[in-house]
Amino acid sequence: MNVFNEWHAANTSKKVRAVREANARAGRYQAAFAPYGYIAGTDEKRTLIIDEEVAPVVRNIFELYASGLSGHKIAQVLNDDSITAPSPYLEKKVGRRRRRTEVCPFWSACTVLQILKNSTYIGELVQMKRTTASFKNHKIIMKDESDWVIIPNAHEAIIDRALWDKCQERKKPYRRGRSTKRSGTDPLSGLIFCPECGSTIRLSWNTTHKGKERVQVTYRHFYNCGAYSRAGKHVCTSHYIKFKVLQELVIADIRAHAELVLHNEDKARQEFLKRKDMLSTRQANDERRQYENALKRLNELELLIQSTYEDKVLKRVPENVCTRLLEKYEREREEISTETEVLQKKLSEEKQNELDVDEFIKRIKKYVDVRELTRELCLDIIEYITVDEYTGETDKPRNIHIYYKFIDKQFKKAT
């Protein structure tokens, strides 16, 4: 009897899981409550509907994070503005108390970060992220992301894809920046790297005490390699550069790029495409023609192979001749198929390069009159910066490389 009961429980559990997965793949929202900013619809799929009362709060959270504020700072802003936190808001909305309402009725960094990583806000419906060990063991297990059921454009988005991508980019560990009580978050924090050891080049300062009161005074802000600052010349060399000097160089370079775009956008586009190792226009056109001709030849080969088989069956052509022709056509088809795959990949990369350059041009135009670096600006267009070794010789030139998003290579942190 116990064996039968166990089999029945296992079979029921399997069926329930199958139904839940089928509902998820059909785009039916299955959670008990909608995420903050949405209301579950009354249709068969319970399609999420934007809650206009708090949707502006969600947009504001993403915009504040993209501008450089941390999750903790955003929570402070929301609490200062007396914005009701998600749990108390849900209780007020549906009349049901959640366990955490009494414990944490205010906004916290954790709550903000949970919103920032929820792709529901760009219209995606993500389900089946968790499972249990078995019908006996109810321990919750997170599934691999490849096993999630993701339905794009399942409902109306609260934020656009560009703002979402900007926030996700900022969440990368080396982009979070370092905040201090003395100077807050430096605009370039987490974006400057040592080309020798790969360590972050950090903002530092000297302090002294003045007057009878011995008041601490901060002076001489500068950047230097983090590894060198911690362990000295045994691990790396000095990459010292004054705070003001580097910031002025970055501003000048940004303005130069923006002025190039405003003066002659077509010329600027061609220069940026070259930076991405783009093929010449003539070569790109040749490859498109090759791709089109290859596809045409593949269609011809399909007809030839089919015709040869018919000739063989109807004995219109000797069998040995048909066999040789088929082998020849099959070899040619394999070669052309391989060639089309390579060409298709190249053409896709070229198209992406063009889109990347257009996006960079769109962003850089905003900063033609920039006078001061901000965190939002730096995260918007700068990929990373490298500063070469400082030898102490003031008249010796140094290489300072500024790499921009979309047109330069991405940073790969040294391991």
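The structure is a predicted model, in which local features need pLDDT of at least 70 and side-chain atom pairs count only at pLDDT 80 or more, while totals for chains, interfaces and linings use all residues. Residues are numbered from 1 along each chain as its sequence is written, and side-chain values use heavy atoms, with hydrogens and water left out.

Ser238 is located in the loop between helix 7 (226-231) and strand 12 (241-242); helices (H or I, at least four residues) and strands (E, at least two) are DSSP runs, numbered from the N terminus. The side chain of Ser238 forms a polar contact of 3.5 Å with the side chain of Asn224. Such a contact is a pair of N or O atoms within 3.5 Å; within protein, one must be able to donate a hydrogen and the other to accept it, and residues adjacent in sequence count only if both atoms are side-chain atoms. A polar atom of the Ser238 side chain also lies 3.3 Å from the backbone nitrogen of Tyr240. Not counting residues up to four places away in sequence, Ser238 touches Asn224, Tyr228, Glu389 and Tyr390 (contact: heavy atoms within 4.5 Å).

The axes of helix 2 (residues 55-66) and helix 5 (residues 109-116) come within 10 Å and cross at roughly 95°. Helix 2 is therefore roughly perpendicular to helix 5, a class that covers angles of 65 to 115 degrees. On the helix 2 side, Val58, Ile61, Phe62 and Tyr65 meet Val112, Ile115 and Leu116 of helix 5. The residues of this contact comprise seven nonpolar, no polar and no charged.

Aromatic pairs number 12, by the rule that rings of Phe, Tyr and Trp (its six-membered ring) pair if their centres lie within 6.5 Å, with planes under 30 degrees apart stacked, over 60 edge-to-face and the rest tilted. Phe62 and Tyr121 form an edge-to-face pair, 6.0 Å centre to centre with 65° between the planes. Phe62 lies in helix 2 and Tyr121 in the loop between helix 5 and strand 3 (125-127), so this pair ties together parts 59 residues apart in sequence. Phe62 and Tyr121 are both buried. Phe62 also pairs with Trp164 in a tilted arrangement, at 6.1 Å centre to centre and 40° between the planes. This pair links helix 2 with helix 6 (residues 161-170), where Trp164 lies, 102 residues from Phe62. Ring pairs join Tyr38, Phe62, Tyr121 and Trp164 into a cluster.

Technical notes
Axes are lines fitted to C-alpha atoms, for helices over the stretch in contact, and angles run from 0 to 180 degrees between N-to-C directions. Angles under 35 degrees count as roughly parallel, over 145 as roughly antiparallel, 65 to 115 as roughly perpendicular and the rest as oblique. Ala, Val, Leu, Ile, Met, Phe, Trp, Tyr, Cys and Pro count as nonpolar, Asp, Glu, Lys and Arg as charged, and the others, Gly among them, as polar. Buried means under 20% relative accessible area, exposed over 50%, partly exposed in between (1.4 Å probe, protein chains only).
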